[in-house]
Amino acid sequence: MADKVTIIAHSGDMDKIYSALIVANGALAMGMEATIFFTFWGLQRLKKGALDKGPLSKMNFLGLGKWMVQRRMQKAKVASLEKMLQDFKELGGKVMACDMTMEIMGIKPEDLRQDLIDEYCAVGSYIQEARNSSVTLFI
Amino acid sequence: MSELKTVEANITVDCRGETCPVPLVETRKALRRAAPGDVIKVLGTHPASKKEIPMAVEALGLKLLSVEGTDTDWTIYIQR
């Protein structure tokens with residue numbers, strides 16, 4: 001079993017994308033490998049300019065709740081999702097994009113941030129990563 | 001461990017005021033940049049990171065030279 005974390009980012013909610021990236025970056029920082037498989041609503045966040053555009057998973061209140069949480073996060077100096085994603089890539093993290101989601105939702109590769117994506121793939125590739133991971137999460 | 005205070009750091013990482021997971025991630029980034037034998041000095045104020053950076057150092061098989069200061073104002077020296 002490899003020292004590796006594989007995460008499915010199914011949700012596109014802002015707070016859940018934070019969770020995925022924080023766990024993944026923590027793993028990389030502590031010497032593990034990390035892969036995030038973006039699918040369904042999670043894949044929407046890899047569209048250009050969309051990374052922090054997801055709602056809050058609870059108490060979004062048409063964006064008011066999200067605005068309040070973001071203000072508190074800024075006050076606490078929580079890093080932006082963009083910094084976390086850049087750090088993830090810099091530390092060797094792997095980004096997989098679900099090609100079935102792309103087909104269902106009519107997303108073209110050029111709609112996505114292709115520079116960040118290592119692989120366009122399906123469940124078999126996720127399983128190949130997951131079977132060699134000591135930690136796998138569905139977020 | 002006190003004599004290590006005189007060790008000259010090759011890389012200094014200032015994470016004061018930063019929160020989870022930035023101190024851990026910035027430390028890792030610095031360790032990747034460092035050459036074998038280099039000393040990395042990390043400054044921080046995030047209490048959990050004071051415990052977790054040494055855990056990461058151990059997991060990476062590197063040498064923890066010293067951990068100094070309080071939970072909310074600390075300095076960690078690591079040798080790659």
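**Entry 1: order of elements, chain A**

I read chain A from the N terminus and wrote down its elements as β-α-β-α-α-α-β-α-β-α-β. My tally for chain A is six helices and five strands. I keep in mind that this is a predicted model.

**Entry 2: how compact is chain A?**

I looked up the radius of gyration of chain A, which is 15 Å. The globule rule gives 14 Å for 139 residues, and the two values are close, so chain A is as compact as a globular protein of that length. I also took the spans of the C-alpha trace of chain A along its principal axes: about 40 × 35 × 25 Å. Then I checked burial. Buried residues are 34% of the 139 residues in chain A. Next came contacts in chain A with a separation of 6 or more. Of these, 77% join residues 24 or more positions apart.

**Entry 3: a helix length check**

I picked helix α3 of chain A, residues 64–75. It has 12 residues, and at 1.5 Å a residue it should span 16 Å. Its end C-alpha atoms are 17 Å apart, so the length agrees. I then looked at what follows α3(A). There I found A:K77, with a positive phi near 60°.

**Entry 4: the sheet in chain B**

I turned to chain B and traced an open sheet of four strands. The strand order is β1-β2-β4-β3, and the pairing is mixed. Which strands sit at the edges? They are β1 (11–15) and β3 (63–70) of chain B, and each pairs on one side only. From one strand to the next, the twist averages 15°.

I reminded myself that strands of a sheet pair through backbone hydrogen bonds, either parallel or antiparallel. For β3(B) and β4 (residues 73–79) of chain B the sense is antiparallel, over seven bridges. I found B:K63 opposite B:Q79 in β4(B).

**Entry 5: helices on that sheet**

Helix α1 of chain B, residues 22–33, packs on the sheet. It touches β1, β2 (39–44) and β4 of chain B, and its direction makes about 165° with that of β1(B). Helix α2 of chain B, residues 47–59, lies across β2, β3 and β4 of chain B. I noted about 175° between α2(B) and β3(B).

**Entry 6: where the chains meet**

How many residues does each chain bring to the contact? I listed 14 residues from chain A and 15 residues from chain B. On the chain A side, α1 (14–29) and α4 (81–90) each supply at least two residues. The largest share of that side, five residues, comes from α1(A). I sorted the chain A side by class: eight nonpolar, three polar and three charged residues.

Conventions: Residues numbered from 1 in each chain as written. Chains lettered and ligands numbered in written order. Predicted model: local features only at pLDDT ≥ 70, side-chain atom pairs only at ≥ 80, totals over all residues. Contact = placed C-beta atoms within 7 Å. Nonpolar A, V, L, I, M, F, W, Y, C, P; charged D, E, K, R; others polar. Expected span 1.5 Å × (residues − 1). Rg over C-alpha atoms; globule rule 2.2 N^0.38 Å. Buried ≥ 20, exposed ≤ 12 C-beta atoms within 10 Å, placed from the backbone. Pairing = 2+ DSSP bridges. Axes fitted to C-alpha atoms, helices over the stretch in contact; angles between N-to-C directions.
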